[in-house]
Amino acid sequence: MVWSVIQNVQKSIKYRGGMMGFFEHMYTNGDYPFKFGTFMGADAAGNRYYENRVDYPFGQHRWVEPGDIHNYDAASMAPEWHTWMTHMNDAPPCAQEQFLSDAGDKIDPLCQSHAPGGTDHGDSMVGHMEGTTHFHNLHNQSQVRSRGYNIGNHVVGLPPGVKDSYYTQPGSPYNDASIRPLEMVGSLDADGGRAYKNDKWADRLTTDAEKEAVEEKKALQAKTLTKGVISRKAMARRNRGGAAAWGA
């Protein structure tokens, strides 16, 4: 048993390109240095994908070794490789073009199509994929957000002052298309110093002295309006033939 462990260590050191690669993979995951397989390809983030159907059971025969071992994020895995890792398809992206070409020859199109982008001579859209954009190899844009005001996010490489990249629903206050420009409807000062956009905002800007002056003005207007108006009590006296008191 001891000799087999020594042999695995020697093989791992050779397989990983030396002691540095050996310890690097021990640092990321203790299973990597002693796991061997066929290199299937790599993506733009530097993630390396392997497969071994002989020595490992189903579910463990495919694995990825991250390109950035210090800031690895599962969102940096390319979608085409993710489908291969989760067994949505058996053809790795390196053999995808040939796979789609063969599949297109076996599928009879229901109707003639001249849409561009198909891989089977334009007869259908088998294998068509829209162009994708990503930031710092993170396909999940919800990770690309600032950690605070004007400080950015050094983990994903987002510079300070740059807008967050995650998706916002239409109508969200964080959606640029839903942000309405600030429009003022009036001002408490002649020079426009205390502008307001609604009555509630104007009430908050009004001083106590100004509020008292407004109340006094309202009281004076109410007194002026009620002057000469007969009350219900005086109206009842007049109906009985008594003296009517105006302005009571």
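Guide: What follows goes from the overall layout to single residues.

Guide: This is a predicted model, in which local features need pLDDT of at least 70 and side-chain atom pairs count only at pLDDT 80 or more, while totals for chains, interfaces and linings use all residues. Residues are numbered from 1 along each chain as its sequence is written, and side-chain values use heavy atoms, with hydrogens and water left out.

Visitor: How many helices and strands are there in the protein?

Guide: Helices (H or I, at least four residues) and strands (E, at least two) are DSSP runs, numbered from the N terminus. Here the protein has seven helices and five strands. Along the sequence they follow the pattern α-α-β-β-β-α-α-β-β-α-α-α.

Visitor: What share of the residues count as buried?

Guide: Buried means under 20% relative accessible area, exposed means over 50%, and partly exposed lies in between (1.4 Å probe, protein chains only). Of the 248 residues of this protein, 22% count as buried.

Visitor: Which residues make up the largest nonpolar core?

Guide: A nonpolar core is a set of buried Ala, Val, Leu, Ile, Met, Phe, Trp, Tyr and Cys residues joined through side-chain atoms within 4.5 Å. The largest one here has eight residues: Met40, Tyr49, Val64, Met77, Ala78, Trp81, Trp84 and Met85. Helix α3 (residues 79–85) supplies the largest share of this core, three residues. Another core, of five residues, lies apart from it and includes Leu138, Val144, Val156 and Leu158.

Visitor: In what order do the strands of the open sheet run?

Guide: Two strands pair if DSSP finds at least two bridges between them. The open sheet has three strands in the order β1-β2-β3, with antiparallel pairing. Its edge strands are β1 (38–42) and β3 (62–65), each of which pairs on one side only. From one strand to the next, the twist averages 30 degrees; axes are lines fitted to C-alpha atoms, for helices over the stretch in contact, and angles run from 0 to 180 degrees between N-to-C directions. Strand β2 (residues 48–51) pairs with β3 in the antiparallel sense over four bridges. To see the pairing, find Tyr50, which stands opposite Trp63 in β3.

Visitor: How many salt bridges does the count come to?

Guide: A salt bridge is a side-chain nitrogen of Lys or Arg within 4 Å of a carboxyl oxygen of Asp or Glu. The count comes to seven. One of them joins the side chains of Arg62 and Glu51 (3.0 Å, N to O). Arg62 is in strand β3 and Glu51 in strand β2, so the pair ties together parts 11 residues apart in sequence. Both Arg62 and Glu51 are buried. A network of salt bridges links Glu51, Arg53, Arg62 and Asp90.

Visitor: Which residue meets Glu210 in a salt bridge?

Guide: The side chains of Glu210 and Arg194 meet at 2.8 Å, N to O. This pair links distant parts of the chain, with Glu210 in helix α6 (residues 208–226) and Arg194 in the loop between β4 and β5 (195–196), 16 residues apart. Glu210 is partly exposed, because its relative accessible area is 30%. Arg194 counts as buried at 19% relative accessibility.

Visitor: Where is Ser187, and which residues is it in contact with beyond its sequence neighbours?

Guide: Ser187 sits in strand β4 (residues 186–187) and is partly exposed, with a relative accessible area of 30%. Contact means heavy atoms within 4.5 Å. Leaving aside neighbours within four places in sequence, Ser187 is in contact with Gly192, Gly193, Arg194, Ala195 and Tyr196. Its side chain reaches the backbone oxygen of Asp189 at 3.0 Å and the backbone oxygen of Arg194 at 3.4 Å.

Key: Polar contact = N/O pair within 3.5 Å; in protein donor to acceptor, adjacent residues only side chain to side chain.
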